[in-house]
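The following exercises concern one structure, each with a worked solution. Please examine the sequence and the structure before reading on.

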Amino acid sequence: QKFNTLYHKHKKALQPEDQSILDVYYVETKLQENKTKEALEWALSDFKVLEYNQDLKCLLGQIYYEQKMYPQALQYFNKLDHQSNKQQFLPEWYKDGTLQTCQSVSVELLINALFRRGWLEAHHNNDPQRAVKSYEECFNLISSNVQAIAYQYHSGDKDGSTAATQSLSASSNASVHDGPDKLINLELYSYRAYQCIVQISRIMLQTGQLSPCLTNVRASLQLSSHLEDFFHRKMLFKLGLLTFHYLSPVDWHTINPKLFAASTLYAHANKNNDCYIPRSIDEEAILALMVHQRLCQLTLQRSIKHKHRRRAQELRLQKQKALTHQQTLQKLQLQQQQQQQQQHSAAQHTVVIREDLKEDQQSDDEGDIEESKTDALLSEDVSSLPSTSVTSAVSSFQPQVVNVKYILKDEEMEKIENENLLSLLFLTILLSVKREFYGLSRCILRSLNERQMDCRRWYKYALSLYGNNQLNECIRACHHSLQHDTTINTVSYRGGDTKVLRHYFILSSCLLAARSALLLHDDKSALSYGRAAVRLSLDKHYLNAVQQQYTQNNVELIHYILVDQRCLAYLLFSIACSQSAYSDTLCSFEDRKSLHKLAMKSVIRACILSPRNQTIVFNLALCRADLGDVDGALIDVRSLLQNLHPYHAESWHLLSLLLSSKRKWMESYRAIDQALRYCTFISSSSLNKFNCGNYHSLRVFYRYKLKLTKLKILMKQNRISSPLQIFNELSKMLDFNERFYKMAKLPNSHKLCPLFQPLSSKSNEEVLEILQEDSSNSAQFKRVGHNEHIMFSLLLLRLEYILTLTSFYLQESVAAHKYAFHCMEFALQFFGASIKNDYFQRYDFNRAIQAKILSDIYCKMGECCEVLQHSSLALSHYKTAITYNASHYKALIGQSRIYLLNNDLLQSKSFIDTALKINAYSHQ
């Protein structure tokens with residue numbers, strides 16, 4: 001009706017050929033009524049109209065396309081001439097808004113026609129170039145129209161409005177200030193724009209044109225501010241997929257970061273802090289996927305929030321209806337009570353008339369009093385009803401606005417959730433490769449906040465914390481994953497058994513918690529988590545599910561892979577038992593021996609399950625060595641080096657130690673040389689690996705450890721020159737400050753040796769300041785930073801170096817006893833101040849570190865005093881060592897030795913018995 005009135009109003013201004021707009025209107029109405037045949041006959045009735053009317057060509061192509069007559073549809077689509085500058089109608093028609101609605105429909109027809117033409121060119125003509133051209137024309141048409149309307153909208157807001165927009169808003173119902181989404185079908189524009197980019201990318205990727213494909217996707221993101229939100233989200237995900245699957249072959253890590261940071265663009269971005277510029281294509285993928293994941297999360301949160309608001313409004317309306325119904329019922333009850341009272345008073349009045357006037361008067365007065373009392377009581381009851389307070393509270397409450405457009409359907413929310421999980425998966429892969437575990441933990445934490453009862457997300461969060469060296473938080477996250485009320489989301493695992501999947505993630509969480517506890521030296525937690533992992537890995541239902549997924553009868557497509565983790569569970573439990581056996585809190589030798597046997601049983605079961613695993617064979621040799629079976633340990637280590645891994649540095653190190661226990665010094669020396677030779681190879685058997693940056697430093701420290709072992713072997717051969725050379729090298733490698741030592745000659749030789757002496761004129765605070773300056777200027781900390789585990793490893797290496805140097809001075813061939821005592825005085829001052837360092841105050845096991853370090857120092861000082869024949873001072877040092885660590889068997893043996901020299905046999909025997917309960921394997 002609106003079109004007919006406008007058409008007859010301006011009919012005189014139309015040219016004869018422009019009257020074809022009525023034919024377009026008639027064909028569209030027939031198509032809406034599902035009368036396709038009549039619409040087709042009417043459109044084909046006049047051939048002259050088809051020469052200049054673009055809408056009829058679009059409609060004809062659409063009819064043939066829906067009827068799957070693709071050659072005829074492509075014929076009419078190819079006749080479209082939308083790029084000509086001549087207008088079909090007079091300019092006045094566009095200015096006064098007469099053709100506003102009709103023109104928007106015409107643009108939508110043209111957009112659909114161009115897209116379908118591209119699809120037909122690609123799938124039926126097999127002409128990808130023409131298909132890409134049609135898709136680009138469709139996208140450019142959408143872009144130009146959307147940007148033009150957005151420009152009119154913003155210019156109308158800023159400058160008032162132009163004459164055209166004033167006449168447009170005056171003559172039509174659509175206003176410029178209503179927003180672009182009311183002037184055009186923004187949903188159709190967004191959907192077609194997304195489809196165009198997807199089809200163009202698909203064709204370009206098939207022909208190997210990666211850079212133009214990335215350029216198109218990046219350019220399409222500039223249009224996302226004018227279209228709907230889902231277009232921006234989809235384009236970001238598309239960009240993330242492209243950059244993830246087709247990473248650039250350029251090695252971006254070889255670029256000098258100083259030269260890159262000196263560029264004006266990067267400096268400008270960092271100065272303003274307003275944008276982030278990716279320096280490589282993988283960083284662009286990470287950025288796109290992070291933004292896409294955040295958009296998915298915000299979209300889902302907004303939908304849930306508006307759903308809750310709508311539900312709250314519905315409940316509020318129901319409550320208001322119930323309250324009004326209750327109020328009406330109460331009013332009806334009050335009216336009935338009043339009627340009953342009136343009837344009762346009338347009956348009393350008829351009875352009382354037969355009595356005296358006085359009695360009537362009194363009865364009337366009493367009736368009036370009672371009536372007034374009942375009215376007062378009724379008024380009090382009505383005023384005391386809670387409905388009035390509730391209605392006032394409800395009326396004073398201002399409900400929040402509910403936007404129905406933001407509320408998504410369940411199917412659409414499931415699609416967005418799948419996109420979110422996919423982007424999180426790709427982000428996990430990219431950030432794990434780049435070792436960016438902190439950013440990964442933040443991304444997974446945002447995903448975890450959406451579903452806090454999902455054990456799978458808790459496990460992934462624990463993995464990211466493990467990679468970021470946050471081991472305590474990793475154990476807490478694993479503990480959350482093990483709770484009874486945790487579930488698993490089966491959206492990503494279609495057709496999966498929820499019980500089996502939950503069992504798998506709980507088992508993986510136990511294994512990860514046991515590994516983290518081992519690295520933290522938390523023996524109790526490692527034992528408990530390891531025992532739980534062994535029990536979970538032996539579950540029959542889980543083992544059956546693992547075996548069934550590899551059978552040929554299982555034809556169903558599974559979206560997950562279950563792993564038999566019995567081998568790893570036994571291995572971690574064995575390591576936990578061995579580590580607990582050497583704990584300082586364990587004072588009984590029988591308990592230690594039982595733990596060693598339990599570790600041996602566990603590692604044998606692991607070796608039966610996986611006999612070719614080098615880590616298991618290596619730990620089997622360690623367990624045999626702990627139980628004193630040196631020959632069996634030698635057989636295992638040699639088979640490992642011959643058959644599995646000849647370049648395993650830890651195995652060569654263990655072989656050297658086993659040979660030294662048999663006093664085969666030359667073979668042990670050759671084995672330790674092989675260990676130093678192969679120490680540069682990355683090994684998988686060491687559990688003391690945190691991340692790639694710290695791993696290099698730990699391997700360097702392990703090389704220093706091997707050099708110290710080589711020193712001890714040379715000292716057992718009573719050599720002097722070779723150990724001194726290694727001592728001088730290690731003093732520089734371990735970054736000792738030059739103020740801490742000086743080069744002095746040995747008493748019985750002209751050879752120079754490092755002599756450590758305490759800083760006698762310095763107080764503890766001054767020594768602590770010197771240590772902080774030493775650590776800040778250290779080459780090790782400049783390379784890896786102030787990592788607590790790195791500092792702790794370096795501190796223990798320095799302590800072992802000082803103790804080994806002291807043992808070297810105490811040898812009979814060297815006989816530098818005073819040098820040894822000076823070294824231990826320096827060690828007491830140096831390491832006592834190091835423990836008070838701020839970095840070690842934040843470390844979780846500060847007391848255990850202090851007890852271990854100080855007990856070893858005081859025990860060695862007792863040995864020095866004993867050699868210098870100061871037995872009373874040596875006894876006091878041994879006692880001090882026992883106060884720090886009651887299970888320090890060397891200090892107990894030293895006390896027993898002094899009591900034996902003093903002919904105090906009872907005291908000597910008591911201390912020897914105590915030392916035997918702690919470690920009966922010691923030769924001392």
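Contact means heavy atoms within 4.5 Å. Helices are DSSP runs (H or I, at least four residues), numbered from the N terminus. The model is predicted, so local features need pLDDT of at least 70 and side-chain atom pairs pLDDT 80 or more, while totals for chains, interfaces and linings use all residues. Residues are numbered from 1 along each chain as its sequence is written, and side-chain values use heavy atoms, with hydrogens and water left out.

**Exercise 1.** Determine which residues of α28 meet α29, and how the axes of the two helices are arranged.

Solution. Step 1: His596, Ala599, Met600, Val603, Ile604, Ala606 and Cys607 in α28 meet Ile616, Asn619, Leu620, Cys623, Arg624 and Asp626 in α29.
Step 2: By class, this contact has 9 nonpolar, 2 polar and 2 charged residues; Ala, Val, Leu, Ile, Met, Phe, Trp, Tyr, Cys and Pro count as nonpolar, Asp, Glu, Lys and Arg as charged, and the others as polar.
Step 3: The axes, lines fitted to C-alpha atoms over the stretch in contact, with angles from 0 to 180 degrees between N-to-C directions, come within 9 Å and cross at roughly 155 degrees.
Step 4: α28 and α29 are therefore roughly antiparallel (over 145 degrees).

**Exercise 2.** Is Ser574 buried or exposed, and what does Ser574 touch?

Solution. Step 1: Ser574 lies in helix α27, residues 566-581.
Step 2: With a relative accessible area of 1%, Ser574 is buried (under 20%; exposed is over 50%, with a 1.4 Å probe and protein chains only).
Step 3: Leaving out residues up to four places away in sequence, Ser574 touches Ala599, Ser602, Val603 and Cys623.

Terms used:
Angles under 35 degrees count as roughly parallel, over 145 as roughly antiparallel, 65 to 115 as roughly perpendicular and the rest as oblique.
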